[in-house]
Amino acid sequence: MGQKATFTRRLLAWWRRAARDLPWRHTRDPYRVLVSEVMLQQTQVSRVLEYYPRFLERFPNLETLARARPRAVREAWDGLGYYARARNLHALAKHVTRRNDATLPERPEELVRLPGVGPYTAGAVASFAYEKPVPAVDTNVARVVRRAFFASRISHPASRQVWELTRTLVPKNGKRAWRFNQAIMELGALICVARKPKCPECPVRRNCKTGKGKS
Ligand code: SF4
């Protein structure tokens, strides 16, 4: 089995043991996935756990969000910070309900054209809602991939290189790709953390150019 395949196998085995039980991991509803992804940008999971159910209760789908007054959206977001995210989400809801039958597109190339949706969010919605076998590279994933695959060759690989490498890791099967994307993100959030990675307890240590040999 090749290095990349072993990396994925170990990562997925760890995910089965260690994954946190988070509400957005129980849904494939594209709107709910999108709301979680937008909230999680620049905000701690613990804080999102408070706001996510409240926001969905108030705006359970794209149509209700599209119809809402800006002030109501602002109130529901108040305290989460970076209000531009809510404004973009509101603009997206209006755009999609006007043009796309209130359905979010499935492909990252289409998702990325929506207001406030960057390459990461597009990949995340395509994978976490539609189970498309595509990469979703956020800060956590980029850090894991850089440390694991580039450390000894290139110390600062360009974001394009990190995306391309991640693309080669994503399993072809959509359900497995869903788990892979969740798992690598979780590894970056819990083990391969920014300041002091916990290499001795990392499940992919033996496949990692940075962590190999650390104990
Ligand atoms: S071994 Fe260390 S550097 Fe490598 S992925 Fe794991 S935590 Fe990150």
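The model is predicted. Helix H10 meets both H1 and H9. The largest pocket has a volume of about 730 Å³, and the largest cavity has one of about 100 Å³. The structure also holds 6 aromatic pairs.

**Helix H1 against helix H10**

- Two packed helices are described by the angle between their axes and the distance between the axes.
- Helix H1 spans residues 3-18, and helix H10 spans residues 159-169.
- Their axes come within 10 Å and cross at roughly 75 degrees.
- Angles of 65 to 115 degrees count as roughly perpendicular, so H1 is roughly perpendicular to H10.
- H1 brings Lys 4, Phe 7 and Thr 8 to the contact.
- H10 answers with Leu 165, Thr 168 and Leu 169.
- By class, this contact of H1 with H10 has 3 nonpolar, 2 polar and 1 charged residues.

**Helix H9 against helix H10**

- The axes of H9 and H10 come within 10 Å and cross at roughly 85 degrees.
- H9 and H10 are therefore roughly perpendicular to each other.
- On the H9 side, the contact is made by Val 141, Ala 142, Val 145, Arg 146, Phe 149 and Phe 150.
- On the H10 side, Gln 161, Val 162, Leu 165, Thr 166 and Leu 169 take part.
- By class, the contact of H9 with H10 has 8 nonpolar, 2 polar and 1 charged residues.

**An aromatic pair**

- A pair of aromatic rings is described by the distance of the centres and the angle of the planes.
- The structure holds 6 aromatic pairs.
- Phe 55 and Trp 77 have ring centres 5.7 Å apart and planes at 85 degrees, so this pair is edge-to-face.
- The pair links distant parts of the chain, with its two residues 22 residues apart.
- Phe 55 sits in helix H3 (residues 45-58), and Trp 77 sits in helix H5 (residues 70-77).

**The largest pocket**

- Rolling a probe the size of a water molecule over the atoms shows where empty space is left.
- The largest pocket has a volume of about 730 Å³.
- It is lined by 25 residues.
- Closest to its centre are Leu 40, Thr 43, Val 45, Asp 138 and Asn 140.
- Helices H2 (30-40), H8 (119-128), H9 (139-150) and H11 (174-190) each supply at least two residues of the pocket lining.
- H11 gives the most, with 5 residues.
- The pocket lining divides into 11 nonpolar, 8 polar and 6 charged residues.

**The largest cavity**

- The structure holds 1 cavity of 30 Å³ or more.
- The largest cavity has a volume of about 100 Å³.
- Of its 15 lining residues, Arg 147, Cys 192, Cys 199, Cys 202 and Cys 208 are the closest to its centre.
- H9 gives the most to this lining, with 3 residues.
- By class, the cavity lining has 10 nonpolar, 2 polar and 3 charged residues.

Note on methods. Residues are numbered from 1 along each chain as its sequence is written. This is a predicted model: local features need pLDDT of at least 70, side-chain atom pairs count only at pLDDT 80 or more; totals for chains, interfaces and linings use all residues. Side-chain values use heavy atoms; hydrogens and water are left out. Axes are lines fitted to C-alpha atoms, for helices over the stretch in contact, and angles run from 0 to 180 degrees between N-to-C directions. Helices (H or I, at least four residues) and strands (E, at least two) are DSSP runs, numbered from the N terminus. Angles under 35 degrees count as roughly parallel, over 145 as roughly antiparallel, 65 to 115 as roughly perpendicular and the rest as oblique. Contact means heavy atoms within 4.5 Å. Ala, Val, Leu, Ile, Met, Phe, Trp, Tyr, Cys and Pro count as nonpolar, Asp, Glu, Lys and Arg as charged, and the others, Gly among them, as polar. On a 1 Å grid over the protein atoms alone, a cavity is a set of points where a 1.4 Å probe fits but cannot get out, and a pocket is an open set with protein on both sides within 12 Å along at least five of seven lines; lining residues have an atom within 4 Å of a point. Grid points are joined across faces, edges and corners, and a volume is the space filled by probe spheres set on the points. Rings of Phe, Tyr and Trp (its six-membered ring) pair if their centres lie within 6.5 Å; planes under 30 degrees apart count as stacked, over 60 as edge-to-face and the rest as tilted.
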